[in-house]
Amino acid sequence: MASPASQEPPADHPDQPPGTPAEKPSDTYVQSFARGLSVIRAFNAQRPAQTLTEIAQASGLTRAGARRILLTLVGLGYVQADGRLFRLTPKILDLGFAYLTSMPFWNLAEPIMEALSQQVHESCSISVLDGTEIVYVLRVPARKIMTINLSIGSRLPAYCSSMGRVLLAGLPDDELDRTLRASDLRQRTQRTVTDIDALKAIIAEIRVRGWAQNDQELEEGLVSLSAPIRNRSGQVIAAMNISGQANRTSAEEMVRRFLPPLLDASDKITNLVSLRS
């Protein structure tokens, strides 16, 4: 009988492509669940319908592993099969809206946002921080002002957006440094700040004054103001913004006309959050 040292190493996991290093998760890590999420994340606006092979490649799984997960998702109603193509179904929205419904104060925030949008005649949004990006959780659009189509669940880089900088300002210094260094600091417009030290200086100023402004750093022609939403302990848990067009309202005019009502609205929502948390 062969000794343990002479036995061949175990084969790759059947759900992993050949040559993929074996994962060594803790006892609390469920690999099959993680792989299921990787299959869901393989779908996006550029790839709304894909073949089994394409999904396996995008998720880093073998065809056999991806097939098992896809058939499970089909059985649960989150994916539909159309010939050789697979696509997500509207039921997948249940997963995202579970986050919103688990935080009932967002429902209380929406009327305040609508009133603010009507007062300033501009779009109003609320987002939260997820890694290096912001994720839109509420939005009251006034009119289309960006080439980016924004809706609930949309993501934007935190470093060059006004809401992102408000959220980054709420992080401890060490976490802020890690987040900025992990960010894809690209020059999105001629005005975009990409230097980490310069970004830290901007964020330090935001911490002091309590609000952020973005003057065409995210997209040409887009200006915005953002303010924090805090919980009872004073921690920044979300950001709220007003966005407009530079050719209609300059950055300086936005501060003069829109900052007071924005701060008033964010304070109202913060008070609601404090009552619920």
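The accessible surface of the protein comes to about 15200 Å². Carbon and sulfur atoms hold 53% of that area. The model is a predicted one. The protein has 277 residues, and 43% of them count as buried. Nine helices and nine strands make up its secondary structure elements. Now take the contacts in the protein with a separation of 6 or more: 56% of them come from residues 24 or more positions apart.

Turn next to the sheet. Six strands form an open sheet with antiparallel pairing. Read across, the order is E6-E5-E4-E9-E8-E7. Strand E6 (155-157) and strand E7 (212-215) are the edge strands, each pairing on one side only. From one strand to the next, the twist averages 30°.

Look at the pairing of E4 with E9. Strand E4 covers residues 123-130 and strand E9 covers residues 236-245. The two run antiparallel and are joined by five bridges.

Helix H6 (residues 162-169) touches E4, strand E5 (133-140), E7, strand E8 (222-230) and E9. The direction of H6 makes about 155° with that of E9. Helix H9 (residues 251-276) also packs on the sheet, with E4, E7, E8 and E9 as the strands it touches. The direction of H9 makes about 25° with that of E8.

Val30, Phe33 and Leu37 make a nonpolar patch of about 280 Å². Val30 lies in the segment before helix H1 (31-41).

Note on methods: Residues numbered from 1 in each chain as written. Predicted model: local features only at pLDDT ≥ 70, side-chain atom pairs only at ≥ 80, totals over all residues. Heavy atoms only, no water. Pairing = 2+ DSSP bridges. Helix = DSSP H or I, 4+ residues; strand = E, 2+ residues; numbered from the N terminus. Axes fitted to C-alpha atoms, helices over the stretch in contact; angles between N-to-C directions. Contact = heavy atoms within 4.5 Å. Patch = residues over 30% accessible without salt bridge, like charges linked within 9 Å, V, L, I, M, F, W, Y side chains within 5 Å. Areas by Shrake-Rupley, 256 points an atom, 1.4 Å probe, with all protein chains shown as cover. Salt bridge = Lys/Arg side-chain N within 4 Å of Asp/Glu carboxyl O. Buried < 20%, exposed > 50% of the residue type's maximum accessible area, 1.4 Å probe, protein only.
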